[in-house]
Amino acid sequence: MMKAGFCSVYSFLLKPKGLCSAIPSNSSLQLHSHLNLDHLVSSLILALNSCSRVSYCQAVHARVIKSLNYRHGFIGDQLVTRYVQLGYPEDAQNLFDEMPEKDLVSWNSLISGLSRSGFTARCMSAFCRMRFEIDMQPTFVSFLSIISACSDKGTLSEGKCIHGFAVKLGMLNEVKIMNALLNMYGKSGYLLEACSLFDATPWQNLVSWNSMIAIYVQNGLADESLGVFITLRRAAVEFDQATMLTVLQACENLGIRNLAGSIHGLVLRSGLAANVTIATALLNLYAKLGCLSASCKVFGEIIYLDKVAWTAMLAGYAVHGYGKDAIKLFEVMVKNGVQPDHVTFTHLLSACSHSGLVNEGKHYFKIMFEVYGVERKLDHYSCMVDLLGRSGLLNDAYDLIRCMPMEPNSGVWGALLGACRVYGNTELAKDVAERLFSIDPSDARNYIMLSNIYSAAGLWRDASKVRALMKERGLNRTPGCSFVEHENKIHRFVVGDRSHPEADRIYMKLEELIGKMRKAGFSSKTEFVLHDVDEELKENMINEHSEKLAMAFGLLVTDAALPLIITKNLRICGDCHSMAKVVSLIEKRTIIIRDPKRFHHFCNGLCSCGDYW
């Protein structure tokens, strides 16, 4: 379909006679010629700006050749830019080379167009031609474009040359050039160079500060990022939306809830709470830190909800396993006239999967295209395979994969392999794992999953073969870790960990908990120890899992009136899941454990997942 703004002009372009045929033959001929020429140029520029296909661009190009020259309204430069935007850099280059009169604006149009569209090598080539073949001095705009192009990976050496050239021409007096260089070094991971450049700049503006905060976050240094933010505050620089979004991302990376509360207070005092983008980032942060009630509160205070805010809240319900709440929210959302997109349905189907809502999941998977016109993508199929598999419908899940209109990826097959583990289907697991090994032979998780499935079934020889294959391919198992926040610090535990300063107290508390649980009739589920050892050793091993140590520590140091929140880097094991339920009952505490997939809320001996995870 042609865009509306282009259709009328497109038909005009193809007429055999244009406006020039109506020019009067009197003394006002020249005036009318100019008026009609200006009208034609305006019409062609309008058409060009509406082009969605290269064929439309070529039609405009043909009319320019027939009726104009490339300098009229700078239409030649605009054609070059449009070809690049549509993904045809060769056509742009050919047109550029054909233009008889090329000035600095023309060169900058080509360079900036290639830079913005990601054609880095061509951008560099054009810059070099302008500088060395034409001997034309680059301008402020030229440098901004070429530095932006050098921010791509693998071009830092060229970027350093451009930096030196900018110094030679005295361009570093321009703060925008400095900020572009900051961004270039930061994206390439050269933090020392970025810091030196920032410190050497006497005229930093807010963009400079925001760049430094973002650079640290992008390189996994959230603490340092917040340090720059504190320095900004001490320098009495007013922050903006971009600053706060990056700071909220740093808070998410650190995972410290007290810090999130402090930043929330700052948002309120600054007046940014009314900004829907900031509010959405805040509710998303709280949800990922395990504070779903705080997310709901922030959501309820947003005056003008947009699709992103609705979807963020739905995602929060999904990851916490509140499938029915997610469905209710979705229905309210569409009743309010908000059109869901593919991201909305990904979270909705995920919510159904985490709550075992099979019929509901099937319903929404069916109507997402029929009713809402949303095309099914790989993520949607992955959610449905996960939903069917977790419900024990392994054959249905496998059939769905075979009927997919696109090639299944590791996410789809991985969901089925996880279901094979839950239901102990070793034959299907072997087939699925081999497909995963073929897709990504370097992903250790798939080997570990298959090895664990064999071990759980007592197939020790097969499990040993898988582990040997891992060793042969140089793959290592990620050790399980659990984390608890206390006094603005994250405390880390691994299995059998005795390195913590409070280790003696932690193990005493753990023994106390195990004693109370045994009196309550609970015994360790040693079938979750996937090693061929005797029962006593199995029980000792499982009682020192990182989740249990984190739980004991958390109960010792956290306020009994507040939920104990534990984060784990691997999936929680069945025995630790059972223990958390019992501990929540005997200690009268709410315990929230987050693994890589979702949150489990334990309260009064029950888990929010309904033992379905």
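Trainee: What ground rules apply here?

Mentor: Residues count from 1 along each chain as its sequence is written. The model is predicted, so local features need pLDDT of at least 70 and side-chain atom pairs count only at pLDDT 80 or more, while totals for chains, interfaces and linings use all residues; side-chain values use heavy atoms, with hydrogens and water left out.

Trainee: What pLDDT does the protein chain average?

Mentor: pLDDT is the predictor's confidence in each residue, from 0 to 100. Here the protein chain averages 85, and 90% of the residues score at least 70.

Trainee: What is the strand order in the open sheet?

Mentor: Strands are DSSP runs (E, at least two residues), numbered from the N terminus, and two of them pair if DSSP finds at least two bridges between them. The order is β2-β1-β3-β4-β5-β6, with mixed pairing. β2 (489-494) and β6 (606-607) are the edge strands.

Trainee: Why is β5 described as largely enclosed?

Mentor: Buried means under 20% relative accessible area, exposed over 50%, partly exposed in between (1.4 Å probe, protein chains only). In β5 (residues 599-603), 4 of the 5 residues are buried, so the rest of the structure largely encloses this strand. β5 pairs antiparallel with β4 over 4 bridges, and Arg594 stands opposite Phe599.
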